[in-house]
Each structure stands twice: as structure tokens, then as C-alpha cells.
Amino acid sequence: MPLMPTDTNKPLYAVVLSVGNDRYAIPVADLVEVLPLLTLKQLPQTPEWVAGLMNYRGNAVLVIDTSILMTGKPCQSIVSTRILLTSVRRKDGAGKLLGLMAEGVTGTVKILPETLRTAEIWNNGTPYLGLLAMHEGEIMQIIHADKVLTGESLKLLELENVEG
Amino acid sequence: MQTYSREIAVIDDCWNRIGVWSRAANRCPKLQETVHCRNCPVFAAAARKIFEGRPLPPDYLDEWRHHFAEPPPARRVPGHSSVLVFRVGGEALSLPISIVDEICQPEVIHRLPHYASVVLRGIVNVHGQLRLCFAMAELLGIEDSPFEPNGKRRGFPRMMVIRHRESRFAMLVDEVLGSLRHAQDELLPVPASLSRSLAKFMLGILRDGERSVGVLDEKVMFQAMEKSLK
């Protein structure tokens with residue numbers, strides 16, 4: 001069961017993003033940088049939610065399309081679609097950069113701890129989804145960057161690591 | 001492109017209907033709190049929808065790809081210092097950014113009876129605190145008029161709040177131009193052609209592209225300010 005690894009007494013600052021019609025939030029502490037959309041190197045024969053590889057200051061960074069991953073529809077090519085660069089920990093403990101391409105990345109929110117709720121349903125297929133926040137009348141779900149990497153994507157990252 | 005213009009069309013421009021740009025008798029109740037539409041989250045959200053929903057300009061993707069493929073820009077280098085560059089008359093001058101507390105619009109200056117000189121203009125109210133207000137041009141003896149021949153004031157006059165020990169003063173300048181980082185060895189000697197009255201305030205000159213920026217010695221400046229109070 002996913003649990004928020006954050007201090008529950010402090011407000012949580014998070015970057016908002018959209019998937020479909022829903023709003024999600026990813027804690028700023030998980031992020032390295034917010035990047036604009038850019039040309040990616042395509043990776044043939046990978047799951048369709050792998051958007052490609054980017055050259056980030058000389059490092060090959062895998063970028064995942066969160067919209068395909070979660071709804072099956074690719075991110076639109078518009079200005080508000082951005083790449084959230086996160087730092088994730090692999091099974092072997094090594095830190096690794098991962099890009100999450102997401103729509104509607106338009107700002108940050110301050111989530112108060114008293115507005116956090118636990119979802120009643122945990123879906124084993126979506127371990128990246130965390131707590132819910134009630135923010136200005138909207139339900140906002142918190143995403144864990146490190147949980148997006150499951151099974152296949154972990155394997156991909158490790159492959160890439162051997163080459164580079 | 002078509003879906004984009006359609007999306008803009010569905011935005012409710014309430015600011016024209018019931019906001020500050022409308023002639024409606026019954027105005028939006030939110031104005032009680034926000035005062036002006038530009039402070040309202042509805043207005044901000046609409047703006048975001050318009051600007052953030054734009055299709056990508058041509059070459060956008062490749063430009064950013066090249067940008068982030070480059071090594072990161074150099075971080076802070078020790079031995080560098082930052083100065084705030086401003087304009088007084090025709091001179092571009094600067095002070096260490098560390099002594100500048102804030103830059104604000106010029107406030108109403110209250111003259112001090114029997115005390116005000118050309119250098120000490122009076123007192124001003126900055127966030128409820130009274131500060132002595134000095135004119136940088138007169139303090140440094142820069143005579144170049146801030147007025148153009150047609151009587152219009154040149155540039156964007158600003159008031160800088162600067163800190164000296166525990167005190168804070170307001171200083172009038174003709175324009176704030178930005179900040180500049182420089183290494184110690186980039187500071188060039190003051191040219192002999194500079195008027196002696198101004199040269200005594202200067203630590204040196206910095207080259208910033210085409211422009212040369214005078215770096216003021218804040219200690220000399222504070223001494224001159226204190227002298228003007230006597």
C-alpha cells in the first residue's frame with residue numbers, strides 16, 4: 001500500500017498536471033526541474049507510453065507519457081504540456097532521472113495537510129497514485145514519481161544504464 | 001489550430017461582462033475582495049487557458065532539445081560580486097546588491113521644514129516606515145537634467161531603499177536597469193576624464209557590453225549622506 005513519505009504536519013507544495021479531465025499533483029520535493037516539451041529520440045519496440053529518450057545536459061533520460069500510461073491517449077503538443085524531471089531510486093538503490101511528460105502543467109499548489117484524504121480503493125495496477133487532496137473544491141490526486149517505474153519501465157532503465 | 005480557436009471562443013469573458021471593463025450596473029461580487037479583475041483567479045485561469053493552450057511554435061521542440069543538451073550554465077563562482085545598476089542623469093551607476101533592500105515607485109516626499117536641502121529631499125513613507133529620502137543626482141553632483149527638452153521626465157524614476165548598518169534610506173534614481181555580476185579583476189580604473197566630484201565616489205568602472213557602469217563606493221556615499229544631514 002502506498003504511503004506518503006512526507007511530514008503530515010507541513011503543507012505539501014506540489015506541481016499540478018492534468019490527465020484526461022482530472023487534476024493530479026506531484027510533490028515539488030520529487031522534482032528536479034520542469035522542462036518544456038522537446039524533441040525526443042524514439043525508442044522502437046517499447047510500450048507506447050515510453051515517449052522516448054532525451055539528452056539532459058549529457059545524460060540520457062527516459063521520458064514517459066503519463067497520459068498514455070493512464071488513459072491511453074497521448075499528451076497534446078501544446079505549450080502547457082511539459083516534462084517533469086524527477087529523481088527516482090532504482091531497485092539497486094542508485095538514483096536515476098526520469099522524465100514524466102504531462103499535460104496541463106500550469107503551476108504549483110500548496111496543499112494543506114488537513115485536506116489530505118486516503119482513497120478508499122487501492123488499485124494494484126496503479127501504485128503511483130497516492131493520497132487525495134481536496135483543493136479548492138477539486139479532487140486532486142497525488143502522484144509518486146518513484147512508483148511510476150514498475151516492471152517493464154524498470155527493465156528499460158536498467159538496459160539503458162548498461163549501455164551508457 | 002481550429003480546436004484552439006474554438007477553445008478560446010468558449011472562454012467566458014466575465015471581466016468584460018460584469019468586471020472592471022464593463023459598463024454593467026451590477027458588478028461581480030468578487031470585486032469586493034479582489035478590487036480589480038487582474039487580481040482575480042478567474043481572470044488568471046482564463047489567461048492561462050489562452051496562453052498555455054497555444055499550439056507549439058515551429059522549431060520549439062528542436063530549440064529546447066538543443067538547449068537542454070548543452071552542459072548546465074556555470075554556477076556561482078567565488079570572488080564574484082553582484083551590483084544593482086541604475087541610471088542617474090546620463091550616468092549608469094551601481095551599488096552592491098547586498099545593501100539594496102527594495103526598489104519601489106517614488107512616493108510623495110514630505111519636506112522637512114528648515115531642513116530640506118537639494119540632497120536631502122525630505123521623508124517618505126515606505127510600508128508605514130518613515131525614511132529619509134535623498135536625491136542621488138544631487139548627492140553625487142550629477143547635473144545632467146532628468147527632464148527632456150519637452151518637459152517630460154526621462155526614464156522610469158524609482159526609489160531604492162538602501163541599508164546602512166541598522167538604518168535604511170530612500171534614494172531617488174532616474175531608472176533601475178538591472179543587476180550585473182562581475183569578478184573582482186573585471187573592475188577597471190576610473191577614467192581621468194570623469195569629473196573629480198563624481199570620481200571620488202567611484203570604486204571603478206565595469207564594462208557591460210557597449211555600456212560602462214560606474215561602481216559606487218558605498219562607504220564614501222554614506223559619508224556624504226551623513227554630511228548632508230549636518
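**Reading a predicted two-chain model**

Analyst: Let us begin with one pair of residues: Arg207(B) has Ser212(B) in β10(B) as its bridge partner. Please keep in mind throughout that this model is predicted.

User: In what sense do β9(B) and β10 of chain B pair, and over how many bridges?

Analyst: The general idea is that the strands of a sheet pair through backbone hydrogen bonds, in either a parallel or an antiparallel manner. Here, β9(B) and β10 (residues 211-216) of chain B are antiparallel partners, joined over six bridges.

User: How many residues lie between β1(B) and β2(B) in their hairpin?

Analyst: There are two residues between them, and Gly89(B) in the turn has a positive phi of about 55 degrees.

User: How should I read a positive phi in a residue that is not a glycine?

Analyst: The general idea is that most residues other than glycine have a negative phi. Val35(B) is placed in the loop between α3 (31-34) and α4 of chain B. In chain A, Arg57(A) also has a positive phi, near 50 degrees, and sits in the loop between β4 (50-56) and β5 (59-65) of that chain.

User: Is Val35(B) exposed or buried, and why?

Analyst: The reasoning rests on counting C-beta atoms within 10 Å: 20 or more make a residue buried, 12 or fewer make it exposed, and a count in between makes it partly exposed. Val35(B) has 11 such neighbours, so it counts as exposed. Arg57(A) has 13, and therefore counts as partly exposed. Glu186(B), which is in the loop between β8 and α7 (196-199) of chain B, is also partly exposed because it has 15.

User: What does a buried residue look like by this count?

Analyst: Val213(B), in strand β10 of chain B, is buried because 22 other C-beta atoms lie within 10 Å. Beyond its neighbours within four places in sequence, the contacts of Val213(B) include Val85(B), Leu93(B), Leu180(B) and Ile205(B).

User: How far apart in space are Val213(B) and Arg87(B)?

Analyst: Sequence separation and spatial separation should be read side by side. Val213(B) and Arg87(B) are 126 residues apart in sequence, and their C-alpha atoms are 9.2 Å apart. Likewise, Glu186(B) and His80(B) are 106 residues apart along the chain, with 9.6 Å between their C-alpha atoms.

User: Which residues touch the most other members of the largest nonpolar core?

Analyst: That core has 43 residues, of which Ala25(A), Ile26(A), Val63(A), Ile64(A) and Leu100(A) touch the most other members. Setting aside residues up to four places away in sequence, Ile26(A) touches several residues, including Leu17(A), Leu84(A) and Ile143(A). Another core, of 34 residues, lies apart from it and has Leu93(B) and Val213(B) among its members.

User: How many helices and strands does chain A have?

Analyst: Chain A has three helices and eleven strands. Of its 164 residues, 36% count as buried.

User: Finally, how many residues does each chain bring to the contact between them?

Analyst: Chain A brings 15 residues and chain B brings 14. On the side of chain B that touches chain A, α4 (41-52) and α5 (60-69) of chain B each supply at least two residues. α5(B) gives the most, with six. By type, the residues on this side of chain B are eight nonpolar, five charged and one polar.

Technical notes
Residues are numbered from 1 along each chain as its sequence is written. Chains are lettered from A and ligands numbered from 1 in the order in which they are written. This is a predicted model: local features need pLDDT of at least 70, side-chain atom pairs count only at pLDDT 80 or more; totals for chains, interfaces and linings use all residues. Two residues are in contact if their C-beta atoms, placed from the backbone, lie within 7 Å. Helices (H or I, at least four residues) and strands (E, at least two) are DSSP runs, numbered from the N terminus. Ala, Val, Leu, Ile, Met, Phe, Trp, Tyr, Cys and Pro count as nonpolar, Asp, Glu, Lys and Arg as charged, and the others, Gly among them, as polar. Two strands pair if DSSP finds at least two bridges between them. A nonpolar core is a set of buried Ala, Val, Leu, Ile, Met, Phe, Trp, Tyr and Cys residues joined through C-beta atoms within 7 Å.
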